[in-house]
Amino acid sequence: MPADVPTPRPRPDRTSWRSFGLFLAAWGLLNGLAFVPAAVTPLPASPYAPLSVDILVLLTLAVGSIYILPAREAAWGVRTATAGVFFVLVYQVYDAVAYTAFQRSGLFAEDVQYLVDVSYFALDSLSWQTGGLALLGLAAAAAVVWLVPPAVRVAADIGAASRRAQAALAAVHLVAWPIVLFVAPAQEWGTENLTYQTSNERTRVRTVAAKVSENAQASVRLYTMLDTLGQAPVDSTYFRYDAIELERRPHVYLYMIESLGEILATDPELRGPYRDMMATVEDTLAADGWHMSSALAEAPVRGGRSWLAIASVLLGTRVDHQLLYERFQSSPDDVPSLVRFLDRQGYLTVTCQPYTVARPGLEITNPYGFEVLLHRDDLEYRGPTYGWGVVPMSDQYSLGFSHEHHLKPAAEAGQPFFYFFETVLSHALWNYGLPPILDDWSDFNVGDSQAVRDRLAAKARTPYLLPDSITTPRIFDQPTRTRYLRHIAFEMEVLVQYLLRDAPDGSLVILMGDHQPPLIESDTYDVPMHILSRDPSLVQPFRDDGFIAGLSLDEAPRWKHEGLFSLTVRSLVAAADSTAAPPPLKPDGVPRSIIVR
């Protein structure tokens, strides 16, 4: 052979033990990648772990294509298997994100609506910490893109030539499919999946293929449900509220604390300090003449999507899907709501939602008809930046600004007000640090510099709702549950300070959560709901309908968010005239056809 002709490299022996080891390594890599999203998030793993049935099927497709088909068709088979592996991995990541954020599995019809919101959430949450995690995520994605195609090719080439690899695949199939088809259904393996079906069904989805199928079917059923609601009769209860004229019009606060969930009263790490905290709140308010009663309220969502919880409360119907909310937003003027009811009674209706800001693709709307809307740019804030996302100010500042500029003038003019405020500082991820609690909220508005921050920190009140063992260390050094509890305690201190100093006598205060927190696993959709007033006659109607005295959640009755509309109207009527026949109570709200007419 001439010297300038290279010697051909020998083809590797695909039947050797070494090749079999490479086959198992490639299979193990692909199989393991399918479980990474469940390993690093709360997403429940498949009951077939450590075996991915989806990867098993795709790998068999790749091996069978090379073993049976001509070269060109075999190449397409391997490409199809590779694309399938990528789809499994991407879907698992998507499902893990949906589960972590909302404590439910993915739902195409809903989740595509959140793409813009998720992008803004990512930008708002950007910090050195989250930026570093994002870079690690991109690096991991690049590594997966680089590793998967060669791993599929190696496994397919060896599997088509190696009897050992073929025997291994056949053995796993022989064991797996009786379990998949018979054992798992009979023994009800896996966690219940309630995302895709009604409460009367209890299916369990165990593979990615089954998840995708159920997801698609559920999306179709959701659209069908909306069309059906459009043809359904409408409950007229709320329309009859037009005939009510309140003889007594107390100021009404609806104070919704972001992520205030029942998990605080049930989690082994949280319930002790939370119960002590709420006992301190109860004693502090009681000493100032406040009366209290409590219940639990079932939210329509978990982990996120506060606007659906708000809609359920204000509209008195269960708004548990984004598509329902968008139907309401498309024609909101004809839909009864607590806001419109109180507006007709002569109330000044005010909402403060500091996170809301105009952005491309997310316009500011007023579907409930509030007379005064206070969003971020309406609060005239020029102080230090605190907290989450694009919201620079403390909730103490937002509450103080609302009171000084709108609530106090209305009260002084003899006009009742309805004030809805959703807090911001207790929004996940609870790692942005907490602002000081000051004696005067307006002290925040003096510029943003380190000197200003130092002066404000020196003026701060010492937190009193949690022990020093929780509040002393830096918040970044603490586990998720402790950071969450500290933010809830902050919100409670801000509210208590306001109620003691500024809330007009005879006000009715409804304090509640919007949904259970994300990042912390919870079993229910329940959130605390408390009724507060210095006037016992405003609290008594709620007790007559089952609320328990005080702020403890032990043995608290369970209501629903959508039941609060009729409950509040009924209680306002009863407080004005205990002999009058109150309007009917709708503890489950009215059918959702009222918002899709």
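1. In what follows, a residue is called buried when its relative accessible area is under 20%, exposed when it is over 50%, and partly exposed in between, with a 1.4 Å probe and protein chains only. By that rule V569, at 0% relative accessibility, counts as buried. V569 sits in helix 20 (residues 564-576), where helices (H or I, at least four residues) and strands (E, at least two) are DSSP runs numbered from the N terminus. Leaving aside residues up to four places away in sequence, V569 touches Y241, I244, L338, F341 and P583, a contact being heavy atoms within 4.5 Å. The C-alpha atoms of V569 and L585, which are 16 residues apart along the chain, are separated by 9.1 Å.

2. This is a predicted model, in which local features need pLDDT of at least 70 and side-chain atom pairs count only at pLDDT 80 or more, while totals for chains, interfaces and linings use all residues. Residues are numbered from 1 along each chain as its sequence is written, and side-chain values use heavy atoms, with hydrogens and water left out.

3. For the chain as a whole, there are 20 helices and nine strands, and the C-alpha atoms fill a box of roughly 105 × 60 × 45 Å along the principal axes. Of the 597 residues, 51% are buried. Among contacts between residues at least 6 apart in sequence, 76% join residues at least 24 apart.

4. Strand 7 (residues 526-533) is largely enclosed by the rest of the structure, because eight of its eight residues are buried. In a regular strand the side chains alternate between the two faces of the sheet. Here both faces are covered, with D526, P528, H530 and L532 on one side and V527, M529, I531 and S533 on the other. Strand 7 pairs with strand 2 (residues 291-298) in the antiparallel sense over eight bridges, pairing requiring that DSSP finds at least two bridges between two strands.

5. L348 stands opposite F417 in strand 5, whereas the bridge partner of V350 in strand 4 is V372.

6. The structure holds 29 aromatic pairs, counted when rings of Phe, Tyr and Trp (its six-membered ring) have centres within 6.5 Å, with planes under 30 degrees apart called stacked, over 60 edge-to-face and the rest tilted. The rings of Y238 and F565 have centres 4.4 Å apart and planes at 40°, so this pair is tilted. Y238 belongs to the loop between helix 9 (208-231) and strand 1 (252-257) and F565 to helix 20, so the pair ties together parts that are 327 residues apart in sequence. Y238 is buried, with a relative accessible area of 1%, and F565 is buried with a relative accessible area of 1%.

7. The rings of Y397 and W441, with centres 5.4 Å apart and planes at 70°, form an edge-to-face pair. Y397 lies in helix 15 (residues 395-412) and W441 in the loop between strand 5 and helix 16 (450-459), 44 residues apart. Both Y397 and W441 are buried. Elsewhere, ring pairs link Y253, Y255, F417, Y419, F421 and Y498 into a cluster.
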